[in-house]
Amino acid sequence: MTDAADRIGNVTRQRYEQLVTQAKELIAQIARSQFALGDMALEIEPMRAVGGSMPNGTDDLFTVTESLQLFADDIGVERRTVEDWRYTANRWPEKRRKEGVSFTVHRILASVVDEDERWAAIEDAPFNPRTGTRQWTPDGAKRVVGQRVDRPATVDEKVQAVADLTRDDEVAAQVATDLLKRPAVTEHVTPAERVRVVTELTRDDTVAQQVTTDLLRRPDVARKTMRDDTTRMLVNRAQFDNSNETRDRIRERTPAVRAIEHTIGLGYTMQHERARRTALLTLLTGGLAACLLSCSTGP
């Protein structure tokens, strides 16, 4: 019985290798066919400079688009497919086409602007760590020309893929929430980034109030926070303002309090006046006593 580790899908590894060899031959045939179709499209409509399309307006004179559409319709494919064949065939003259490399890879590398760089690029296939050989894949070609790959492998590629998938704010919010629940993720977030995230999340005053309350309930946090002079001054100011607000609310809701304060105020005024008179009398009495003493002693 064949070990499951020696099977790929429903076939043995040996059979898989046979199928891969046959598939490569078919891919090479397909590439030759696609280039041949591209050459036909080029014969019907050679590449022209920008603005060089044939004018429309007669029965026997077509624009480039009309000619390629007619050709596409007659062979049963989309015009876009014909345009890809034509473009790729034009970018890869027959002598520069690489045997054994798929038409897809040729089409991707066709975007290399400089011809010499394009010819050199297709000769320098990237290393495939899975197979241990140098071979072209669509993603390998996309990396050469700077296009987004279908299967991200590097950290930068994965970050870019996530960025593309989280352009919608609701999706981004859900993903961020889920990621920050993973301790191993939050450990790699720098203190500055954490502060920035908290600042962004607490722009709403209600949220900021709840977060601040929860943080100041932690003794160590509260103690270190109050070391800041500005923070301490603002906290004291807030306490004073809160006291005034509380007193004003009590006055509004309880008329008796206002009457009591009025009575206390009058009592304080009368007490202050009695003290003032006592002090003045003491001063006058002291001056009179000094005068009498001086008169009695004489010169």
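## Pocket linings

Ala, Val, Leu, Ile, Met, Phe, Trp, Tyr, Cys and Pro count as nonpolar, Asp, Glu, Lys and Arg as charged, and the others, Gly among them, as polar. With those classes, the lining of the largest pocket divides into 18 nonpolar, nine polar and eight charged residues. The structure described here is a predicted model.

The largest pocket has a volume of about 1,300 Å³. Its lining counts 35 residues. Closest to the centre are Asn128, Arg130, Gln135, Trp136 and Thr137. Which elements give two or more residues to this lining? They are helix 1, helix 4, strand 3 (127–128), strand 4 (133–134) and helix 6 (138–145). Helix 1 gives the most, with nine residues.

## The second largest pocket

The second largest pocket holds about 690 Å³ of space. It is lined by 19 residues. Ala176, Leu179, Leu180, Val189 and Val197 are the closest to its centre. Helix 7 (155–165), helix 8 (169–180), helix 9 (183–186) and helix 10 (191–201) each give two or more residues to the lining.

By class, this lining has 12 nonpolar, three polar and four charged residues.

## The nonpolar core

In soluble globular proteins, nonpolar side chains tend to be buried together. Here, the largest nonpolar core has 23 residues. Which of them touch the most other members? They are Val82, Trp92, Val105, Leu109, Ile122, Trp136 and Ala141. Five helices each supply at least two residues of this core: helix 1, helix 2 (64–75), helix 3, helix 4 and helix 5 (115–123).

Leaving out residues up to four places away in sequence, Trp136 touches Val101, Val105, Leu109, Ala121, Ile122, Asp124, Ala125, Pro126, Ala141 and Val144.

## Salt bridges

Side chains of opposite charge can pair when their charged atoms come close. The model has 16 salt bridges. One of them joins Arg97 to Asp39. Their closest N and O atoms are 2.8 Å apart. This pair links distant parts of the chain, 58 residues apart. Arg97 sits in the loop between helix 3 (79–91) and helix 4 (103–109), while Asp39 is in helix 1 (residues 13–44). Is Arg97 buried or exposed? Its relative accessibility is 18%, so Arg97 counts as buried. Asp39, at 31%, counts as partly exposed.

Asp229 pairs with Arg232, with closest N and O atoms 2.5 Å apart. Asp229 is exposed, at 52% relative accessibility. Arg232 is partly exposed, with a relative accessible area of 32%.

The other example is Asp241 with Arg237. Here the closest N and O atoms are 3.5 Å apart. Asp241 counts as partly exposed at 29%, whereas Arg237 is exposed at 53%.

Where is Glu45 found? Glu45 is in the loop between helix 1 and helix 2. The cut-off for buried is under 20% relative accessible area. Glu45 has 4% relative accessibility, so this glutamate counts as buried. Apart from neighbours within four places in sequence, Glu45 is in contact with Phe62, Thr63, Val64, Ser67, Leu68 and Arg86.

Ser67 lies in helix 2. At 11% relative accessibility, Ser67 counts as buried too. Leaving aside neighbours within four places in sequence, Ser67 is in contact with Ile44, Glu45 and Phe62. Glu45 and Ser67 therefore touch each other and both are buried. Phe62 is a contact of Glu45 and also of Ser67.

Definitions and conventions. Residues numbered from 1 in each chain as written. Predicted model: local features only at pLDDT ≥ 70, side-chain atom pairs only at ≥ 80, totals over all residues. Heavy atoms only, no water. Salt bridge = Lys/Arg side-chain N within 4 Å of Asp/Glu carboxyl O. Helix = DSSP H or I, 4+ residues; strand = E, 2+ residues; numbered from the N terminus. Buried < 20%, exposed > 50% of the residue type's maximum accessible area, 1.4 Å probe, protein only. Core = buried A, V, L, I, M, F, W, Y, C linked by side-chain atoms within 4.5 Å. Contact = heavy atoms within 4.5 Å. 1 Å grid on protein atoms, 1.4 Å probe; cavity = no way out; pocket = protein on both sides within 12 Å on 5 of 7 lines; lining within 4 Å. Points joined across faces, edges and corners; volume = space filled by probe spheres on them.
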